[in-house]
Amino acid sequence: MTPALSPTVIEPRHDSSTSVPPPSPVTTYVHRFDAKTRALHIVIMVTFLGLSATGMPLLFSDAPWARVLAALFGGFHGAGVVHRLMGAILLGAVAWHLIDVCWRAFVRGETGLFWGPTSMVPQPRDFTQFWQQMQWFFGKAPYPNYEHFTYWEKFDYLAVLWGTLLMGAAGLVLWFPEAASRVLPGWMFNVALFVHGAEASLAIGFIFVVHFFNGHLRPGKFPMDLVIFTGAVSEQELKHERAGQYARLVETGDLARMTVPAPAAATERRGRIVGTIGLALGVGLFGLILLAVLR
Amino acid sequence: MTGEGTATRPSPNLLGILLALILTAAAGVADAQTVAVKAPANDDCLACHSDPDVKRANGTSLAVDPSVFEHSKHGPLACVDCHQDLAKVQEFPHAEKLAKVSCSTCHDAEAAKYHDSIHAWAKEKAGLTAAAPACADCHGSHNIKGPDEATSRVSRANIPATCGSCHQGVDAKYQTSVHVAAIKHGDAAPVCTDCHTAHTIQRADTPAWRLSVANECGTCHGEVVESFRRTFHGKVTELGFTRVAACADCHGAHDILPAANSASMVSKARLVETCSKCHQGANESFVKYDPHPNPHNYARSPLMWWVNRFYVVLIGGCFGFFGLHSALWFRRSWRNGKDRS
């Protein structure tokens, strides 16, 4: 592109696009979640809400809302079909994620996946940082210098992974009991149903209360943290929330490499809409459980 | 009458009023005559009907044994209290064809229930006039007795025979069941009406009936039904979905037998066959499933007891830990104002 050309020259899209504001000179953004991770979160979010809404009528079959909730999916039969479909999608997504992790670890040789600052595996640092967080709660220590993942984020991740695999296995046994009986004794169906329900209670309570609070609803994040939808965190926030990671990125010089443009307004808006719907549905479903338990 | 007489004329005139007055007077005289007629007393009826040989034209008996009637629940009543159309009859012998006795005149609640039953449907809608029972077919007519009287057709002891007079095959099966054995032993056990009700009898394959029958079993087998409610079968049934097993699907209904009896549907010998009714391909391993688990009963379900304990600790620990964690965090952040973390 030369200035000698006529003034009617077609500018590159990103320059003329009004939906993408130029990055603010003050706010720099740092890459946090790639597209795969963001997509995985969306799939888990949608299927988890779907599985909860279609499974709760059965888990709380004596609650006054059980038949109403099932009726939204065309009655118990419809709810069962949606539940199995959602379960299959979630299991597929988690299987794909595990394959991806193995491929990254063993084919691409990303050893940092299993140990080190960016790993999801709990390490000694997590225990000392947990203790420091306890002290910080009481104003007895500064906020810990967190790395790429905090201990509660690792717990979230591993709990979802473990829960999905266990509930998926139990769900498959309950879905295909005749086939399962060729390898398992029949009393395992009893265990499978109980474990499926108990893990569901744990998961629903954990996601709709603890994860929502830690990730989105707590003061400072309220009403939600958009990083899982936009993939980018502002440099200021990163420095504040994950001082350990920030210092490492500055030291290694990776910060410049990981600097990305500010998320487009449209991306943020989409994330805010999807996030609000998800939070509202989750809180609503948790309210129904409270209604059933406290009745 | 007077209203009709005047209203049909657009402008009232003397003739109209006169006609109305005459008609009113005539009606009054007719009423007075009806009141003056005395309804026949029971003795008047029994003058003919106590003769054991009195018969209809087609040869069926018309005899009423006065002693039987006097000892029945309706003994104090007059014949014409039920046979109301005979109250006005003056000439005897009266016409052979009489109006049907309407029990609902007094027993309106029972009649309303009966009206919704499959028996009433068969009689009134399907036209099974001879086969389907009305009141007298179960309760008797001149010999009606209360259900608490031993000789009553609807006493607990006689109900199976009463229902069995039509449902012979069902009664034969029922007589082989553990419920009959229990009754003979002097224990409390259900007769037909305990499960099917007396007046609101439904088809046994309607969803409403299938969904409610577990409650009937639960009146005696409380813990068993409670454990059923914990299973997939029980939970789905509670949601109103009838394609899964409820009590009778596995245990049978009329010929129900204890598992120890090898002829029972839930005996070890027949479990594979019974489960296979729904679960094609069920095998010996499959039927090790416990359809009535109780995680609170260590003797019955030791494994479930441990699994339950494990999750009580896990769920309690998780929510306790992270509940406190979140509460402390909230408190700290609140004090810090909106300043991050």
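In this predicted model, helix α8 (residues 187–217) of chain A packs against helix α13 (residues 265–294) of chain A at an angle of about 135 degrees. The axes of these two helices are 9 Å apart. Further points concern A:Thr128 in helix α5 of chain A and the domains of chain B.

**Packing of α8(A) and α13(A)**

- The crossing of α8(A) and α13(A) is left-handed.
- From α8(A), the contact draws on A:Ile204, A:Ile207, A:Phe208, A:Val209, A:Phe212 and A:His216.
- From α13(A), the contact draws on A:Leu279, A:Gly282, A:Val283, A:Leu285, A:Phe286 and A:Ile289.
- Ten residues of the contact of α8(A) with α13(A) are nonpolar, two are polar and none is charged.

**A:Thr128**

- A:Thr128 lies in helix α5 of chain A, which covers residues 124–137.
- A:Thr128 has 12 C-beta neighbours inside 10 Å and therefore counts as exposed, the cut-off for exposed being 12 or fewer.
- A:Thr128 and A:Phe213 are 85 residues apart along the chain, and 22 Å separate their C-alpha atoms.

**Domains of chain B**

- Chain B is divided into domain 1 (2–36), domain 2 (42–90), domain 3 (112–202), domain 4 (204–293) and domain 5 (299–341).
- The centres of domain 4 and domain 5 of chain B, taken over C-alpha atoms, are separated by 37 Å.

Note on methods. Residues are numbered from 1 along each chain as its sequence is written. Chains are lettered from A and ligands numbered from 1 in the order in which they are written. This is a predicted model: local features need pLDDT of at least 70, side-chain atom pairs count only at pLDDT 80 or more; totals for chains, interfaces and linings use all residues. Helices (H or I, at least four residues) and strands (E, at least two) are DSSP runs, numbered from the N terminus. A residue is buried if 20 or more other C-beta atoms lie within 10 Å of its own, exposed if 12 or fewer, and partly exposed in between; C-beta atoms are placed from the backbone. Domain bounds come from an automatic or database domain assignment. Axes are lines fitted to C-alpha atoms, for helices over the stretch in contact, and angles run from 0 to 180 degrees between N-to-C directions. A crossing is left-handed if the near helix is turned anticlockwise from the far one by less than a right angle, and right-handed if clockwise. Two residues are in contact if their C-beta atoms, placed from the backbone, lie within 7 Å. Ala, Val, Leu, Ile, Met, Phe, Trp, Tyr, Cys and Pro count as nonpolar, Asp, Glu, Lys and Arg as charged, and the others, Gly among them, as polar.
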